[in-house]
Amino acid sequence: MVIPTSSSLAIDASDIARRFGASWVLRGVTLRLSPGEVVGVLGVNGSGKSTFLRILATLIKPHAGTALVCGHDIAREPEEVRAQIGYLAHTPGLYDDLTARENLIFAAAMLDRDERGVDAILERVGLLAYASQPVRGFSSGMQRRLAIGRLMLIRPKVLLLDEPYSNLDSGGLDLMNSLISEWVDAGAAALVVLHELAPAADLLDRTVTLQDGRAATKPAMHSDPAGIPLAASGR
Amino acid sequence: MSLRHDWRRARAIAWKDLTAERRSKAGFNSVVALAVTILAMFGFALGPDAQAIRDAAPGAIWLAVLFAGVLAFNRSYQVELDGGALEQLILYPGGRRAIFAGKLLANFAFVSLMLVIVIAVGIVLFQVTIPSAWPALVGIVICGAVGLVTLGTFYAAMASRSRAREVLLPLLLFPMLVPVLLAAIEATKALLGGNIMSDAGAWARLLVAFDVVFLVATFLAFESVIEV
Amino acid sequence: MTHAAQSPAVTLPRTWGNRLTIFGWFAFLFLIGSQVLAIAISPPDRDMGDLQKIMYVHVPAAWMTMLAPLTVLVFALRYLWRRREEDDLLAAAAAEVAVAFAGLTLMLGMLWARPTWGVWWTWDARLTSTLVLFLILCGYLALRALVDDREQRAQWSAAVGILGAINVPIVYMSVRWWRTIHQIQSSPSTVDPAYVIGLRLNAFAFLFVMIYLIRRRYEAALIERAAEHAIESAALGKGGTDRG
């Protein structure tokens, strides 16, 4: 069994722990992802799934443990990590008073990308008809689609998706899945926080369940469990 | 990241803030209305004797702008906090200084426009005669606005994300702005009284020094303050 | 297996221990001695009479009030440079002591002003600057009280502390010009050589007391922090499946 070296892993997290006040949400999560892998993260409400994702996205710091994303340390090289990841948050993070197009134009400017590609993205996510309407009037599904569109402006090597399927209709689900497949085929790795397996079942290589602040791995139904040396329990 | 990219980002942020502000309708109008109301309140508190009001005009104008400005500064971060946009903002690669620069520009535009309106109303309400040296006055006002906006934008980055933000921002900001307040008010009084260059000049130099010192200091410190 | 009744192990931080208590005694005795000496050897002032003696507390307190923000500045800078919790706690301790000294200076200034000028407050340059400094420090402490996340609090305090300290000379200059323009009399400065010895002695006394107070406050914070760490470590160890 070959254990991948850190430098080739997309995500290499060891003993990540984080507390809020005096209670620990994450107690030591160890997780490794290779490029091209899609891993689902499951767990009940409050099990720390979003927190773990935000730590990997360098938005918050772990109180213990280390993690490398694309070989860069999240604590010491956050800028390099941010350049590699695409983070889809639970809240869309859009500007209500700007139109859909303006939100994407703003993102393009911040990413130093060409603004002319924005309309193509809007079409791909099915919002071209609403391009000139302020986001304030959008349904949560439409906002999610716009957030996905913003993700398309980045070319991430690691996808960190927090419940990406919530609020999406079946067309949206297909959109999300086809995008994930495209990115993964291009070599990206994806860590997807899920409430339920169904929308992503075909995509996942395996799942990880967060319980009591630690990770337990189960292979997804159809995949080969060999070659996955993980989990903190019993080690 | 190249300077050109930083400038593009700063411009984008300023444009976003101002566009959102313009469209929200609630923001600018109500803040300016508040400033004018405060000005009127000063008139009631200090008047109606014409001389007393005229003497108090510079102070009343700047205080009105200060109090209303606090709302504006907190609002400029509110727009990021409401939908969770601040996280996305931090994740864009490149320095945070562009964020600070963009918000500075947007807040400066906001406060400048507010100052113009409040000064106009103040001139009327407080029976101020416009001095011949009014270009110098404009210069003083601009320098004062820069100081106000610099510290206001900086402290609001913290206050807007803490508890009791309405109280914390003035508590942090006002004592720090004492030099700006004194300089702006005294220089204004000197120019209004025809008592020209020496007094006003010294205050102007103090204002400029203040602005430079704190522009540099806040730019250096912003990175560590905007991170979560 | 963990023992349910075991109390968390606390690693006690390095403190001065008994030496601090001894130093404290020394500082306070020195202070009392300096006060007595100064009051005894100085003749009553021509204008103020015995009221002048308040100067031996007021002036050194004012000097410490100027010194303390400098201390906050140094520790805040050191925190930003090395990111060690201890530096943040030192800065906070210095700020608390500074507020106390500033408050003392203001109160004594008022006690002096009342019999002298008949009013409780004169917008004297130094007194007013001290008031502004007092308010700046209050803002610093309010920030610390209103932010819960430790690292955020330390980062933000450092920034606010540094900006506040930088502003102190600017505030002083601007208030002084302000007073000069409006020509109100300021508190008399102490020139008479008969008073100098008393002042110098008490200045040192106050310095020792200030160092003692800051250190004492800092060590209390260190112990608090050690206890918090112990509780958190214990909470991490408990619960869930056993770790290898």
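Predicted model: local features only at pLDDT ≥ 70, side-chain atom pairs only at ≥ 80, totals over all residues.
Let's start with chain A, where 4 strands make an open sheet in the order β2-β1-β4-β5, with antiparallel pairing. As a general point, strands in a sheet pair through backbone hydrogen bonds, either parallel or antiparallel. The edges here are β2 (23-33) and β5 (72-73) of chain A, each of which pairs on one side only. Strand β4 (residues 64-69) of chain A is tied to β5(A) by 2 bridges, and these two run antiparallel. If you want a spot to look at, A:L68 stands opposite A:D73 in β5(A).

A helix goes over this sheet too: α1 (residues 49-56) of chain A lies across β1 (11-20), β2 and β4 of chain A, and runs at about 120° to β1(A).

**A residue in α3(A)**

Further along chain A, A:A107 sits in helix α3 (residues 100-111). Is A:A107 buried or exposed? A:A107 is buried, because 26 other C-beta atoms lie within 10 Å, and the cut-off for buried is 20 or more. Leaving out residues up to four places away in sequence, A:A107 touches A:R150 and A:L153. A:K49, on the other hand, is 58 residues from A:A107 along the chain, and their C-alpha atoms are separated by 26 Å.

**Two helices in chain B**

Over in chain B, helix α1 (residues 3-24) packs with helix α5 (residues 97-125) at an angle of about 40°, their axes 7 Å apart. That angle is why α1(B) counts as oblique to α5(B). The crossing of α1(B) past α5(B) is right-handed. On the α1(B) side, the residues that meet α5(B) include B:I13, B:A14 and B:L18; on the α5(B) side, B:L105, B:A106 and B:F110 are among them. The residues of this helix contact divide into 12 nonpolar, 1 polar and 7 charged.

**Where chain B touches chain C**

Between chains, 23 residues of chain B are in contact with 26 residues of chain C. On the chain B side, the elements giving two or more residues are α7 (165-176), α8 (178-192) and α9 (197-226). Which of them gives the largest share? That would be α9(B), with 9 residues.

Technical notes. Residues numbered from 1 in each chain as written. Chains lettered and ligands numbered in written order. Axes fitted to C-alpha atoms, helices over the stretch in contact; angles between N-to-C directions. Parallel < 35°, antiparallel > 145°, perpendicular 65-115°, else oblique. Left-handed = near helix turned anticlockwise from the far one by under 90°. Contact = placed C-beta atoms within 7 Å. Nonpolar A, V, L, I, M, F, W, Y, C, P; charged D, E, K, R; others polar. Pairing = 2+ DSSP bridges. Buried ≥ 20, exposed ≤ 12 C-beta atoms within 10 Å, placed from the backbone.
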